Amino acid sequence: MTDFLSQLDPVSLLSITLITATPLVLAAMGGMMCERSGVVNIALEGIMLTGAFIGYGVAFFTHSVWIGLAAAIVSGMLIATLHAVLSISFLVDQIVSGMVINILAVGITGVFYRTYLESATTVGPGTFPHWDVPVLSAIPVIGPIFFQNQFVTYAMLILIFVVHFILFRTVWGLRTRACGEHPRAAETAGINVYFVRYVNVIASGALAGLGGAYFSLQQIGNFLPNMTGGRGYIALAAMIFGKWTPLGAFAASLLFSGSDQVGSRLQSVFHVPIPLQFLGMIPYVLTIIVVAGAMGRAVAPAAVGIPYKKG
Amino acid sequence: MAAAWRGRVVTTVLVPLVSVVCGFLVGAIAIVAAGADPLVAYGALFAGAFTNHNALAETLVSTTPYLGLGLAVALGFRAGLFNIGAEGQFYIGSLAGTFVAYSIHGLPPVLEVPLGLIAGMAGGALWASIAGGLKARFGAHEVITTIMLNYVSFLVASYLVDTKGLMLAPDVSTPRTPDVDPSAVLPVILAGSRLHVGFILALLAVPVVWFLIERTTIGFRLRAVGFSQGAARAAGISVGRTIVLTMALSGALAGFAGIVEVLGVNYHMTDTVAAGYGFDAIAVALLARSNPWGVLPAAFLFGALHNGAGFMQLETQISSDLISIVQASVIIFVAAPVIVGWLFRLRRAPAETVHITQREVDAPVT
Amino acid sequence: MDLDVSWRQVHALLGENGAGKSTLMNVVYGLLRPDAGEISFDGQRVEIRSPLDAIRLGIGMVHQHFMLIPPLTVAENIVLGHEIANRGVIDLAGASSRVHELSQRFGLDVNPRERIADLSVGTQQRVEILKALYRGARLLILDEPTAVLTPQEIDGLFAIVRALVAEGNAVIFITHKLAEVAQIADVITVMRRGQVVATTTPKESSSADLARMMVGRPVLLRVEKKPAEPGARSLAVEDLVVLDDRRHVAVDKVNLEVRAGEIVGIAGVEGNGQNELVEAIMGLRPMKGGRVLLEGHEIGRATTRSRLHRGLGLIPPDRHRMGVVLELSVADNLVLDDYDRPPFARWLVRQFSAIREYAERLIKTFDIRVQNPEQPVSSLSGGNQQKLVVARQLGTLPKVLIASQPTRGVDVGSIEFIHRQIVSERDRGLAVLLVSSELDEVLSLADRVAVIYRGHIVAVIDAKDADRERVGLLMAGAA
């Protein structure tokens, strides 16, 4: 038994689960801000990819991962602004708009990666440093999992509480939820629905852009085409599975990334013949079950997906 | 009447045309930003798509799956269903059809080919029916379920193709299925090229789908449900059954596109999936404005772009991903006709937005 | 057009559906922009670009469709947009006590911590009024506020309105009901087709005068009909139990029967189970218990489609949501029930010449004003759309017609036409179950009146014994 435990190495398993859940949580919370205000966001994948690329590109040329980080966030906000303009001002179907952004992200990152970065020979910008939080990092189990991490993971942990607080305790959160449930009622109450939606969509871009920086500037210190590999959709799944709440999305992301990690460890360490593909299906299948209402219905904001027209 | 006719020409022909032009202009900006000459790059794209040796035939080869996929998504749109899962249905259909086509032996082609096609369409139809059934029974939104089912289908494909005793061919270095039976292959119709009978079949699908939507009771039912589920229900139409049926038909078309690729071009499947068909399919349907006839030029455009992109990358070092930028821009302009109206000051530009999915909108203040 | 409203007055805005009353008020409230003209408030010329501007001026509006957010609490809904907050953090306790204080002052009893979704319609309306008062409204616009209330609740509302006016405020009261105007208004402005046709007072103008101004010609206020000659039992409902969307019992052990050649009217405030009852009879909603019999045959398990084919017809309550498919043509809508049966389809192929021929016949019989049968229904007026629905249902010669809110949102001309059609079909032996939240419609059409309250049929009265007072009390649950 002790042999089993030491081979399984639960602390490192939990630690890697938390780390790989980082971009999922961030993008899921981005999607949440957006959808809580009434705008569907299936563009998380494209925003993350763009963030990963711009973050890396800027870090590469400025030799600073921190400037790269800022660039990743700003680029996420910019591309989210496109989503906002299309879906809020031009009343384009929100799913179409999100899809367009995903295609566009593949195109832009692909073209400019090939032109400017693929054949670059100089040394890359590296990754965010590991920071050990004094005292706390020395606590057994908790320390290595939560307090010996890199920037994006710390930011994610803090932002869970920030987003929760904003959504459920502040004026802004109340107005956001009002716009997502019944935008006309919000407008008759004197709220500028367009403004609230714009800000939330752009905020979702910032969160997903930060999530994108995880891939290039925290995980490997490089950019690879299509490196987000569908994680934006798993984040969408985490948002739904977590019933549009930050803590729920956090739990769902841990579940999804954890099942991944456990699976690969079972295979590599214990040679258990579970096909990895089945473990990989867990997030998708769970999400389907949840939207079908089998585990307590996941109720989306009532007005999500409907373009709002004044008057 | 004349004004209405002109309005229809504007929305169905002019807006898509102008959108395509605008899409190429946006692409040109990206080419300049990447340090190349747009004329040279687009010249290479054109050569690769049309004028090089066998290029036109190859363009028609790549047009073929877009016809089936575009029709699949367009059909869904007409019933108010947003089938993002064409890609998954494409792969599941391919798997089913491939399995049948390499398992059967000794029958004449007139039997083997249809068997393969039917299996492919059935696979796609069944897979799509899952999303249809979940929507009809539980109200699960098809956008979410089809996105999720896409990823499940990739993993299913990889599992089946990678696993000994399932669909993995013996003695191969990279995992793939066995080749299909020679009698199940769709014959080439242009000697010296890869252009195969599947292209003709896909062309024929266009009028068939048009007839289905516009002239049959199934199509009427589907459109009625697409416009107003409430009114359809009150008139005794089973909304749930119509949704499942539409998804199944849509999935059958996607599965058809998939199996035609296998029987006409690849002859086997590998465990890696070239993602992207799903979004392209939606793009084709949007550009076609959900009209089956419109799928024809839209699929041709996408086929040409994909086929020419490789040559462009070779000649100019501009990544073939450029065509994603062009495609995305085209859709932006098609989906937001207001922008085209501004740019070209079309008088009375169509102000209405593209009606894609039927949704319960707030009761208007009267 | 011009409109002058003074303080300390209830100003009624009277007009038919589509006369432009709501549009005008949405302009005043900043939801719509005027194309021309100006608005003055308190003697000052003002420009109202958004509801926020209107609120700042002291204008409040209670919309016909409530502007409340169901999953949020009463307090959250009331303070929304004008939150009591400390550096962006909401003070919900402060909001609750403020709401409590306001509701005490005006005698509007609500609990600030309850969720809107759990409140009755009458209470929701009080929340709406509180919401306006919380924002400091001095001019309150009430858009068709009585549509969803019982006569007794209406009296309560009128008391609140009078109290508000007595405090020096002004109220604009939008309605199409003549009786209410006489009761509550100090000044009446009558609108027709977007224009003011008269400004008068209840003393100067009788109901008949007002009706004539509203419609532009003399109006019959009563439906002419001879006594019913009921025949055999056509439709029977026995011990019917139906659940609503929230899985609460909406229809509780209802027994009802309709005979051939009679009109049974169901009177009741909206939301007392009428829709669920109708939907269950039509097979649009599952039954929890009981039976539905059509000419003695149990049809409780049949699909909607087979019920339609066996002789049930439905005029649904919500035209746009259930009655017509706006995007489809007039002809397509006329065959919506029978699109796949001969002669309109052969095998799976639709037969357009047969469809067109049939459509042209119905268009003529039912006086539907269209240019051609191929034009989309969305291009028709509300009245003509409703006549289309009636035509489709009566065109299939049903044995039983379920007419739910058959004249809602329709001009007076079409109302008269539809009423005449229903009565003349009755005379030819049709059994009609009429459901209407307009008490006057039920009283003038029905041969027997069944009153529904909280899912129960509390009384069935012969038409000659049914007067407003008695039915009103029953609708409010006073047995």
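Reader: What radius of gyration does chain B have?
Author: The radius is taken over C-alpha atoms, and the globule rule is 2.2 Å times the number of residues to the power 0.38. For 366 residues, a compact globule would come out near 21 Å, and chain B agrees with 21 Å.

Reader: How much of chain B do buried residues make up?
Author: A residue is buried if 20 or more other C-beta atoms (placed from the backbone) lie within 10 Å of its own, exposed if 12 or fewer, and partly exposed in between. Of the 366 residues in chain B, the buried ones make up 60%.

Reader: Which helix of chain A gives the most to the side that touches chain B?
Author: Two residues are in contact if their C-beta atoms, placed from the backbone, lie within 7 Å, and this contact takes 38 residues from chain A and 42 from chain B. On chain A's side, the elements giving two or more residues are helix 5 (94-117), helix 11 and helix 13. With 15 residues, the top giver on that side is helix 5.

Reader: How many charged residues are on the side of chain B that touches chain C?
Author: Here 17 residues of chain B meet 25 residues of chain C, and helix 8 (217-227) and helix 9 (229-234) of chain B each supply at least two. Ala, Val, Leu, Ile, Met, Phe, Trp, Tyr, Cys and Pro count as nonpolar, Asp, Glu, Lys and Arg as charged, and the others, Gly among them, as polar. That side of chain B splits into nine nonpolar, six polar and, for charged, two.

Reader: Where in helix 13 of chain A is the kink?
Author: This helix (residues 276-291) reaches 24 Å from first C-alpha to last, close to the 22 Å expected, which is 1.5 Å times one less than its number of residues. The bend at a residue is the angle between axes fitted to the seven residues ending there and the seven starting there. Shortly before the proline A:Pro283, a kink of about 40° lies at A:Ile282.

Reader: Is C:Ser103 buried or exposed?
Author: The residue is in helix 4 (residues 92-105) of chain C, and not counting residues up to four places away in sequence, C:Ser103 touches C:Leu108, C:Asp109, C:Val110 and C:Leu130. Since C:Ser103 has 22 other C-beta atoms within 10 Å, C:Ser103 is buried.

Reader: What is the mean pLDDT of chain C?
Author: In chain C, 99% of the residues reach 70 or more. That is handy to know, because where pLDDT is low, the predicted coordinates should not be read in detail. The mean for chain C is 88.

Definitions and conventions: Residues numbered from 1 in each chain as written. Chains lettered and ligands numbered in written order. Predicted model: local features only at pLDDT ≥ 70, side-chain atom pairs only at ≥ 80, totals over all residues. Helix = DSSP H or I, 4+ residues; strand = E, 2+ residues; numbered from the N terminus. pLDDT = per-residue confidence, 0-100.
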